[in-house]
Amino acid sequence: MDIALDPDYKKNGWIYLSFSHTKGDPTDKNVHGMTKVVRGKIRNDRWINEQTLFEVPDSLKIPGGNRWGCRFLFDDKGFLYFTIGDMARATDSQDPGKPSGKTYRIYPDGSIPKDNPFASKKGALPAVYTLGNRNVQGLALHPLTGDIWA
């Protein structure tokens, strides 16, 4: 769904990918799935060193979802932001314990900033940065304030 080069790609070679992920048959409309975020490197035309940065447990994956959506943005403070569409479950977008309809903030290695709004809230996904974003089609960094716009 999205691909981004690490801001220090020339030094570290990391490439970030997001995609619709399921452990079942992707043609089965009842199979459970959710957006997954990984990073890896390409050497000699091969994808290597893949690391999973974000994946929800199977219990939070959704059957028959659509409007998956995902966009990446690196800010100048060292954070990686990404979005997940509402998966046709608009009301879940307001629940910090459900993965769809959110903007997330992590470090490029997948670790979670301690000051994320839901990092210490019981039952919430700690990587959630904003709620109710439903189906973000793009992310932008405001050039003057450094604010993230979805």
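First, the ground rules. The model is predicted: local features need pLDDT of at least 70, side-chain atom pairs count only at pLDDT 80 or more, and totals for chains, interfaces and linings use all residues. Residues are numbered from 1 along each chain as its sequence is written, and side-chain values use heavy atoms, with hydrogens and water left out.

**Aromatic pairs**

The structure holds seven aromatic pairs. Rings of Phe, Tyr and Trp (its six-membered ring) pair if their centres lie within 6.5 Å; planes under 30 degrees apart count as stacked, over 60 as edge-to-face, the rest as tilted.

Select Tyr 16 and Phe 74. Their ring centres are 5.1 Å apart and their planes stand at 70 degrees, so this pair is edge-to-face. Tyr 16 sits in strand β2 (residues 15-22) and Phe 74 in strand β6 (residues 72-74), 58 residues apart, so the pair links distant parts of the chain. Strands are DSSP runs (E, at least two residues), numbered from the N terminus.

Buried or exposed? Tyr 16 is buried, at 0% relative accessible area. Phe 74 also counts as buried, at 17%. Buried means under 20% relative accessible area (1.4 Å probe, protein chains only).

Next, select Phe 79 and Tyr 81. Centres 6.5 Å apart and planes at 70 degrees make this pair edge-to-face. Both residues are buried.

**Charges over rings**

Stay on Phe 79 and show Arg 105. Arg 105 lies over the face of Phe 79, at 4.1 Å from the ring centre. Now go to Trp 14: Arg 39 lies over its face, 3.8 Å from the ring centre. A charge counts as over a ring if NZ of Lys or CZ of Arg is within 6 Å of the ring centre and within 35 degrees of the ring normal.

Conventions
Helices (H or I, at least four residues) and strands (E, at least two) are DSSP runs, numbered from the N terminus. Buried means under 20% relative accessible area, exposed over 50%, partly exposed in between (1.4 Å probe, protein chains only).
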